[in-house]
Number of protein chains: 2
Amino acid sequence: MTKLLAGIMAVAVNLLASADADKSPTTADVMASLAPSDWRQPDPANLLYMQTRSGEIIIELAPAFAPKHIANIRTMVKERYFDGLTVTRSQDNYVAQWGNPDSENPNAIKNLGSAKTSLKAEIFKPLKGNEIAPIESRDAYADYVGFSHGFPVGYDDKRYWMLHCYGIVGVSRNTDLDSGDGSSLYAVTGHAPRHLDKNLTLVGRVIWGMEHLSSLPRGTGNLGFYETAEEQEPIISVRLGSEIKEAERTRLKVMRTDTEAFQRWVQSRRYRSHEFFHDPTGRIGIGNIIPPVEIQ
Amino acid sequence: MTKLLAGIMAVAVNLLASADADKSPTTADVMASLAPSDWRQPDPANLLYMQTRSGEIIIELAPAFAPKHIANIRTMVKERYFDGLTVTRSQDNYVAQWGNPDSENPNAIKNLGSAKTSLKAEIFKPLKGNEIAPIESRDAYADYVGFSHGFPVGYDDKRYWMLHCYGIVGVSRNTDLDSGDGSSLYAVTGHAPRHLDKNLTLVGRVIWGMEHLSSLPRGTGNLGFYETAEEQEPIISVRLGSEIKEAERTRLKVMRTDTEAFQRWVQSRRYRSHEFFHDPTGRIGIGNIIPPVEIQ
């Protein structure tokens, strides 16, 4: 099934790639042509609503990639672990990090409650039995790239893994690969630090309000950690979407990545037919493909 | 000469790449091993010192790539064109832009004085007669990548061009390719928007104080433009390094990119031998290679 879908997608991509760039639709054209079925409504149980002073940040969790870490994060959220903690680190062109400030001590500032204090890393998934929509691209780090379950992935002939693209959320850890628990999380705020791929458990992506993390003042300590408590941005609260009444939460739709429409949209980003572009490259990198998100 | 250097460098790169990853030096090892000759002191005539409320931003201009635009920018700086203007745009995961707020009207807010109001785009340079230190990498956008004159470049068999990597500074323009003049400039503050390569004139890189541009609040208007004057970050002053006495200016050194030491440093970034990394990729992307800069 994976191979069949991959084969169909590859043919579609090649057909599109060989089309005259002048006939390529603009991104606006593609967006205007979308049907309701080209969008998906994320499961509220997979959404984290994080409130900060500057605004709301919404993270879509990816249980298909890291089910145990996400179960642990859900437990912490339900027990209000994150409420009142802070963003502890903002390193320019790298990551913003929040939650437990002391990775050596899980219960440093707040007891982890029912949550586990360490988990085995969840990084790789077998290619077999999973569907990947391939993106035709020369990637510097992975043999092949594409999207699976809505998230950017790299893959080889056996397995696939989520990529450290902009806005992707990961689990901080110590030197030990299996030392993370989800009490401290980070989001990529700069050029994709792809050397971290395959080394850390990734759990989702910021799909709304990313600017409230990316524009935080940079910390002046080592690795961008804030040096004083006053500099740290407070996290007012974190709730699962499923904990908030539908009428009271920001409802989002995300462009599906397993559709022909998504491939057309990628194609419009590959060949920029807008008049601003005099040399519409015809090429694209996975880091420059972020599925659109809109208020529903 | 180009081919000879490229050939020698390619051999060196291949030798390094085939070395056992375990024997790869750490970045700290390489940094500690550097000789004074592995660094360069940028020509003060190529440095822009931009003062903002949050701190100093230093840009290194690249006259080897865009001599006419840079001559124009130098003229504007000397005539104090930028002083009192503002950062007009901050678009998340894209660019911060400053200077002339109205690209349709060069003299909109302030007269351009002796500077020219439009210039022919300066994007490509012939490979012949220029030296490029190649970086072994699969790049999504360019056939080959490397560094020339200290800046990241893409190249094919005939020509090369600077790349829209993090911190790179470009000339805003209208739809017409030759409509830029340097009165409005932008710096890349997100994942490298490489689809802009070959479409805009690039003039240098922010080598110090990048955080004062990248952490600005995002504008809420179209394309991240600020909607009110109050939101715009003021530019207190811009001076050429050559206009400031040596004792009074921040003096920087930048790692040279045409040395064997630079290739060793890149290698240490390719194979992360630090104990934190359990899968030290062995691969690298040009967007993740930013030559180190230190206070002298």
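**Briefing: cores, sheets and the A–B contact**

Helix α5(A) lies across β7 and β8 of chain A, and runs at about 10° to β7(A). The model is predicted. Chain A and chain B bury about 4,000 Å² between them. The largest nonpolar core has 39 residues.

**Nonpolar cores**

- Within the largest nonpolar core, Ile135(A), Phe262(A) and Ile289(A) have the most contacts.
- Four elements of chain A each supply at least two residues of this core: β8 (144–148), β9 (151–155), β10 (159–162) and α5 (260–270).
- Helix α5(A) gives the most to this core, with four residues.
- Another core, of 37 residues, lies apart from it; Tyr141(A), Phe277(A), Leu127(B) and Tyr155(B) are among its residues.
- Ile289(A) is in contact with Ile135(A), Phe147(A), Arg205(A), Phe262(A), Trp265(A), Val266(A) and Ile284(A), leaving aside neighbours within four places in sequence.

**Five-stranded sheet, chain A**

- This open sheet has the strand order β6-β10-β9-β8-β7, with antiparallel pairing.
- At its edges stand β6 (125–126) and β7 (133–135) of chain A; each has a single partner strand, so one side of each is left without a neighbour in the sheet.
- Strands β6(A) and β10(A) run antiparallel and are joined by two bridges.

**Three-stranded sheet, chain B**

- This sheet is also open, and its order is β1-β15-β16 with antiparallel pairing.
- The edge strands are β1 (39–40) and β16 (293–295) of chain B, each of which pairs on one side only.
- Two bridges link β1(B) with the antiparallel strand β15 (residues 252–255) of chain B.
- Trp39(B) has Met255(B) as its bridge partner in β15(B).

**Contact between chain A and chain B**

- Each chain brings residues to the contact: 46 residues from chain A and 46 residues from chain B.
- Carbon and sulfur atoms give 49% of the buried area.
- On the chain A side, Arg138(A), Tyr141(A) and His191(A) lose the most area to chain B. Together they make up 18% of what that side buries.
- Tyr141(A) is also one of the residues of the 37-residue core.
- Two salt bridges are counted between the chains.
- A salt bridge joins the side chains of Arg283(B) and Asp143(A), at 2.9 Å from N to O.

Conventions
Residues are numbered from 1 along each chain as its sequence is written. Chains are lettered from A and ligands numbered from 1 in the order in which they are written. This is a predicted model: local features need pLDDT of at least 70, side-chain atom pairs count only at pLDDT 80 or more; totals for chains, interfaces and linings use all residues. Side-chain values use heavy atoms; hydrogens and water are left out. A nonpolar core is a set of buried Ala, Val, Leu, Ile, Met, Phe, Trp, Tyr and Cys residues joined through side-chain atoms within 4.5 Å. Buried means under 20% relative accessible area, exposed over 50%, partly exposed in between (1.4 Å probe, protein chains only). Contact means heavy atoms within 4.5 Å. Two strands pair if DSSP finds at least two bridges between them. Axes are lines fitted to C-alpha atoms, for helices over the stretch in contact, and angles run from 0 to 180 degrees between N-to-C directions. Buried area is the accessible area (1.4 Å probe) that two parts lose on being put together, summed over both. A salt bridge is a side-chain nitrogen of Lys or Arg within 4 Å of a carboxyl oxygen of Asp or Glu.
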